[in-house]
Amino acid sequence: MISRVRVWLNRTYAENVFFIDQLRRNPCDRAVEIHATHGDPDSPVLAAADTAELEPEGLSPAAYAEYALDQCARRGIDVFVPRLHQAAIVAHRAEFEAAGTALLAPTPQAVAVFEDKATAYEAVGAIGVPVPPWRRVRTADELLAAVEELEAAGHQVCFKPTSGAGGTGFRVITRAPFSLTHLSGFPSPYVPLDLVLKALARAEEPVDWLVMPRLEQPEVSVDCLTGPDDRIRMALGRTKNGRRRGFTLHEQWLEPARRIAEGFGLHYLSNIQFRMYGELPVLMDVNTRPAGGLHQLSLCGVNAPWAAVRLALGEDPGELLPPFLGQDYTVVSGPRPLRPVTLPRQRTEEAGPLLPGVPAPGEAVTAAEALPLQGVFRK
């Protein structure tokens with residue numbers, strides 16, 4: 001009898017409820033149990049999991065890695081898909097393996113390269129993959145010099161933090177003075193240069209920004225699955241042009257993505273994003289984790305999460321070729337259930353004993369177990 005597979009997702013994006021759905025609907029009809037942890041008790045990922053816990057807050061990366069090792073040992077985790085503190089976790093891969101847990105994550109070297117966008121652009125450019133012009137800035141004077149240089153070349157200028165994900169901190173520079181135009185309609189990414197310079201001049205610490213031309217659409221995200229042998233098993237592009245989404249197998253996107261995934265040890269699932277710089281596709285970003293939109297490949301008949309879990313377990317799924325390319329589509333929001341009762345907040349070690357019937361920190365709460373907690377509150 002084939003045993004069930006126990007998979008843990010830590011503090012991940014809400015969209016990964018679909019990642020969980022695909023693991024359960026795997027083509028091997030293998031039993032899968034999902035353990036999830038998060039800092040938000042109302043994360044839909046917690047509701048989608050079989051067991052769930054709130055994560056302790058305020059842990060250093062090293063302390064979080066210890067917490068993760070304990071979770072894997074106590075929960076009998078077969079495959080751990082880390083997002084939070086990925087760098088600290090992959091540094092202890094041998095210890096997780098000793099606990100019987102495979103990490104569905106790249107090598108420490110790959111994580112180190114791509115957690116800093118400036119380092120990533122340097123490394124990728126060195127292997128011949130085109131990158132846009134960019135400048136690293138930390139002060140108001142450096143920002144002004146970078147903006148003037150790029151504007152002189154005819155570019156609209158944008159900036160973003162050198163670390164981070166999901167477009168956090170992305171802004172587009174405008175020379176237009178601040179006016180009611182900036183206050184009408186929905187908030188936009190456009191910020192007047194003079195206000196940014198004033199904010200930097202008043203800042204107590206330097207920033208760490210990447211300044212570059214604003215790249216054009218289409219945006220193409222290539223989802224890759226790469227084995228620990230550095231051989232790629234899947235490269236499939238998802239296109240985005242405004243609201244319209246689609247799929248591509250064009251080599252102008254897939255070839256540089258393969259070169260990056262195989263050349264830098266981006267094992268298991270990664271996401272490599274490109275945009276247009278004039279007529280040239282250039283790298284925009286590299287995510288060393290499964291993309292939030294990975295489940296969209298199901299429209300092409302591909303179950304990438306399950307193939308990745310099989311690969312982590314030492315079962316080679318072979319090359320994943322889509323049997324067809326799905327039609328163009330768009331993304332709309334929809335309801336997902338939450339747990340019927342909010343998970344209790346974590347307590348510190350110094351806190352007194354919990355109320356009767358309230359789970360201790362580190363103890364999973366199922367939906368059925370949570371029901372008796374209605375009306376129980378803790379400060």
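Contact, as the word is used in this tour, means heavy atoms within 4.5 Å. The model on display is a predicted one.

**First stop: Ile 34**

Select Ile 34 and display its surroundings. Setting aside the neighbours within four places in sequence, Ile 34 is in contact with Arg 6, Val 7, Leu 9, Ile 20, Leu 23, Arg 24, Ala 49, Asp 50 and Thr 51.

**Second stop: the parallel sheet**

Select next the open sheet of five strands, whose order is S3-S2-S1-S4-S5 and whose pairing is parallel. Strand S3 (51-54) and strand S5 (102-103) stand at the edges; each has a single partner strand, so one side of each lacks a neighbour in the sheet. Strand S4, residues 79-81, runs parallel to S5 and is joined to it by two bridges. To find this pairing in the viewer, select Val 79, which stands opposite Ala 102 in S5.

Six of its eight residues are buried, so H1 is largely enclosed by the rest of the structure. The buried residues are Val 17, Phe 19, Ile 20, Asp 21, Gln 22 and Leu 23. Among the elements that cover them are S1, S2, H2, S14 and H11.

The largest nonpolar core has 38 residues. Select Val 7, Leu 23, Ile 34, Leu 104, Leu 269, Leu 297 and Val 309, the residues that touch the most other members of this core. Two or more residues come from each of S1, H1, S2, helix H2 (44-48), S4, strand S12 (232-241), S14 and H11. Which element gives the most to this core? H11 does, with seven residues.

Another core, of 34 residues, lies apart from this one; Phe 114, Ala 118, Cys 224 and Trp 253 are among its members.

Move to strand S14 (residues 268-277), which is mostly covered, with nine of its ten residues buried. Strand S11 (residues 216-226) pairs with S14 in the antiparallel sense over eight bridges; here Asp 223 stands opposite Asn 271 in S14. Strand S15 (residues 280-287) likewise pairs with S14 in the antiparallel sense, over seven bridges. In this pairing, select Arg 275, which stands opposite Val 282 in S15. The hairpin of S14 and S15 has two residues between the strands, and Gly 278 takes a positive phi near 65° there.

**Last stop: helices H8 and H9**

Finally, select helix H8 (residues 140-152) together with helix H9 (residues 193-202). Their axes are 9 Å apart and the helices pack at an angle of about 155°. Angles over 145 degrees count as roughly antiparallel, and H8 and H9 are therefore roughly antiparallel to each other. On the H8 side, the contact is made by Ala 140, Leu 143, Leu 144 and Val 147. On the H9 side, Leu 193, Val 196, Leu 197, Leu 200 and Ala 201 take part. By class, this contact of H8 with H9 has nine nonpolar, no polar and no charged residues.

Note on methods:
Residues are numbered from 1 along each chain as its sequence is written. This is a predicted model: local features need pLDDT of at least 70, side-chain atom pairs count only at pLDDT 80 or more; totals for chains, interfaces and linings use all residues. Side-chain values use heavy atoms; hydrogens and water are left out. Two strands pair if DSSP finds at least two bridges between them. Helices (H or I, at least four residues) and strands (E, at least two) are DSSP runs, numbered from the N terminus. Buried means under 20% relative accessible area, exposed over 50%, partly exposed in between (1.4 Å probe, protein chains only). Axes are lines fitted to C-alpha atoms, for helices over the stretch in contact, and angles run from 0 to 180 degrees between N-to-C directions. Angles under 35 degrees count as roughly parallel, over 145 as roughly antiparallel, 65 to 115 as roughly perpendicular and the rest as oblique. Ala, Val, Leu, Ile, Met, Phe, Trp, Tyr, Cys and Pro count as nonpolar, Asp, Glu, Lys and Arg as charged, and the others, Gly among them, as polar. A nonpolar core is a set of buried Ala, Val, Leu, Ile, Met, Phe, Trp, Tyr and Cys residues joined through side-chain atoms within 4.5 Å.
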